[in-house]
Amino acid sequence: MYGFEYHPTVFSNFPVSIDYTIPESDVYFVGLAKDRLNIVIDIFYKLRAEGLICDFNLSGVALNQQIKEEGLNYIDKMNYIENLKHIRRTNCILEVVQNNAKGSTLRTWEAIMYDKKLLTNNLSIKDDFYYNKQFISLINDGNIDIEFIKQENLYNNPFKKHISPNNLLEFINRML
């Protein structure tokens, strides 16, 4: 309508060494609880019931709402390098969008750039150019594809190049 050209969000793969003091996990989550605490806890219990190892890090949870379980951690905050260290030690990143939000989040870009699976309740992701069932599994009506998480993760996500800063520079160069 206004003649603008769209380019997707860019994201860099910041090199972070593996921190072996962080245990390996099947599924990793980090975020403020906000209005999604019950959803996150429900997912946690479903994954644990299937024998999966969870590394869930929740911020903003009142003491009287905290449930003590292995793999369920309550934090004030986590710096981004620490977040990336946890990502390096997991098989799958969990994204839980708030209030049925649409659009990609930082968790999506992290999954792509660090070659991790993404488990998400963001159903609108099906319409994005990078959606691929090999890399992304949807939580729909509380249903989780456990086999997707359990499958060995041996891929190099082909969508990295689409969200890299180099691709943005090439895009700008083409537009000039």
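## Asp115

At 17% relative accessibility, Asp115 falls in the buried class (buried is under 20% relative accessible area, exposed over 50%, partly exposed in between, with a 1.4 Å probe and protein chains only). Asp115 sits in the loop that runs between helix 3 and strand 5 (117–120). Helices (H or I, at least four residues) and strands (E, at least two) are DSSP runs, numbered from the N terminus. Although Asp115 is not a glycine, its phi is positive, at about 55 degrees.

The model is a predicted one, in which local features need pLDDT of at least 70 and side-chain atom pairs count only at pLDDT 80 or more, while totals for chains, interfaces and linings use all residues. Residues are numbered from 1 along each chain as its sequence is written, and side-chain values use heavy atoms, with hydrogens and water left out.

Lys160 belongs to helix 5 (residues 160–163). Apart from its neighbours within four places in sequence, Lys160 is in contact (heavy atoms within 4.5 Å) with Ile112, Met113 and Asp115. The side chains of Lys160 and Asn156 are joined by a polar contact of 3.1 Å. A polar contact is a pair of N or O atoms within 3.5 Å; within protein, one must be able to donate a hydrogen and the other to accept it, and residues adjacent in sequence count only if both atoms are side-chain atoms.

A positive phi is also found at Lys34, a residue other than glycine, with a value near 40 degrees. Lys34 is placed in the loop between strand 1 (25–32) and helix 1 (37–49).

## Helix 2 against helix 3

Helix 2 (residues 80–88) packs with helix 3 (residues 106–113) at an angle of about 50 degrees, and their axes are 11 Å apart. Axes are lines fitted to C-alpha atoms, for helices over the stretch in contact, and angles run from 0 to 180 degrees between N-to-C directions. The two helices are therefore oblique to each other (under 35 degrees is roughly parallel, over 145 roughly antiparallel, 65 to 115 roughly perpendicular, and the rest oblique).

Tyr80, Asn83 and Ile87 of helix 2 make the contact with Leu106, Arg107 and Glu110 of helix 3.

## Val97

Val97 is in the loop between strand 4 (90–95) and helix 3, and is buried, with a relative accessible area of 5%. Leaving aside neighbours within four places in sequence, the contacts of Val97 are Thr105, Asn121 and Asn122. Between the C-alpha atoms of Val97 and Glu110, which are 13 residues apart along the chain, the separation is 15 Å.
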